[in-house]
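Good morning, and thank you for making the time.

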Amino acid sequence: NLIYWTRWQKLWSLVLERTFIVLLLAHAPICKVAFRVYRCTQVGDQRYLSADFGVNCGTPLAPNARYDLAWYLSVTMLSLYTLGFPIMLGLYLFLNRHLLYTFRIKMQIGWLFLHYKRGLEFWTLWEIALKIYLMGFLYSIDESTRPYFGAVVSCGALTMVATLAPQRNNIVANLAVVKWFATTVLYLSATQLDETNSEQNGSI
């Protein structure tokens with residue numbers, strides 16, 4: 001029966017949409033925590049987790065069970081959720097790329113790409129990749145170089161958003177430009193602050 005099938009598709013689409021929103025909201029903070037496990041600071045002859053100096057990172061000769069457990073949990077979370085979630089989503093979109101505008105696909109996951117222009121249906125994945133980089137990867141590298149890497153990526157993202165304007169809604173597209181402009185200014189300001197601190201330390 002077409003009526004029951006349509007109702008079922010709407011219900012299934014609603015469940016997928018709500019699940020996706022929850023996963024997306026939790027993605028950035030979990031990503032940030034997972035990447036922080038890989039950044040340790042040397043203090044004397046010991047290495048401690050930069051995010052929590054109460055955790056000893058251990059050494060190859062003297063491993064720390066607590067840190068090793070956190071490390072394995074982080075790898076699992078990165079593999080299954082932080083990276084696995086967008087990869088599976090991208091794989092599904094790629095395999096159905098020629099069917100995205102069919103009635104069945106639009107009913108199921110149209111909320112994921114219909115608000116973007118044709119040819120830019122994968123933009124959500126691009127946004128997720130940027131969040132993984134800025135909210136996760138940057139926290140696993142040295143603090144002195146973090147603002148520079150962030151500034152480069154933010155400038156690139158700002159250029160792409162301003163040039164492509166992927167959103168169909170002009171208000172949303174302008175807000176996206178403002179968001180990336182603010183992010184770029186934030187990282188550029190951090191680079192200037194870092195240089196100022198370096199000059200002050202060098203003059204002491």
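Let me begin with Cys155, which counts as partly exposed at 32% relative accessibility; buried means under 20% relative accessible area, exposed over 50%, and partly exposed in between, with a 1.4 Å probe and protein chains only. Before going further, please note that this is a predicted model, in which local features need pLDDT of at least 70 and side-chain atom pairs count only at pLDDT 80 or more, while totals for chains, interfaces and linings use all residues. Residues are numbered from 1 along each chain as its sequence is written, and side-chain values use heavy atoms, with hydrogens and water left out.

With a disulfide taken as a pair of cysteine sulfur atoms within 2.5 Å, the count comes to 1 disulfide. Cys40 and Cys57 form it, with their sulfur atoms 2.0 Å apart. The link is left-handed, at -90° about the S-S bond. Cys40 lies in strand E1 and Cys57 in the loop between E3 and H2, so the pair ties together parts that are 17 residues apart in sequence; helices (H or I, at least four residues) and strands (E, at least two) are DSSP runs, numbered from the N terminus. Cys40 is buried at 15% relative accessibility, and Cys57 is buried at 4%. Cys31, by contrast, is in no disulfide, and the nearest cysteine sulfur, that of Cys40, is 17 Å away.

I turn now to the charged pairs. How many salt bridges does a search of the whole structure find? It finds 3, a salt bridge being a side-chain nitrogen of Lys or Arg within 4 Å of a carboxyl oxygen of Asp or Glu. One of them joins Arg39 and Asp142 at 3.2 Å, N to O. This pair links distant parts of the chain, 103 residues apart: Arg39 is in the loop between H1 and E1, and Asp142 in the loop between H5 and helix H6 (146-164). Another is formed by Glu127 and Lys179, whose closest N and O atoms are 3.5 Å apart. Glu127 lies in helix H5 and Lys179 in helix H7 (residues 170-203), so parts 52 residues apart in sequence are tied together. Glu127 is buried at 11%, whereas Lys179 is partly exposed at 39%.

Finally, helix H2. Here Tyr67, Ser74, Leu78, Tyr81 and Thr82 are buried. They cover an arc of only 110° around the axis, which puts them on the same side of H2; the arc is that of the directions from the helix axis to the C-beta atoms. The face turned away from that buried side carries the exposed residues Ala65, Leu69, Tyr72, Leu73 and Leu80.
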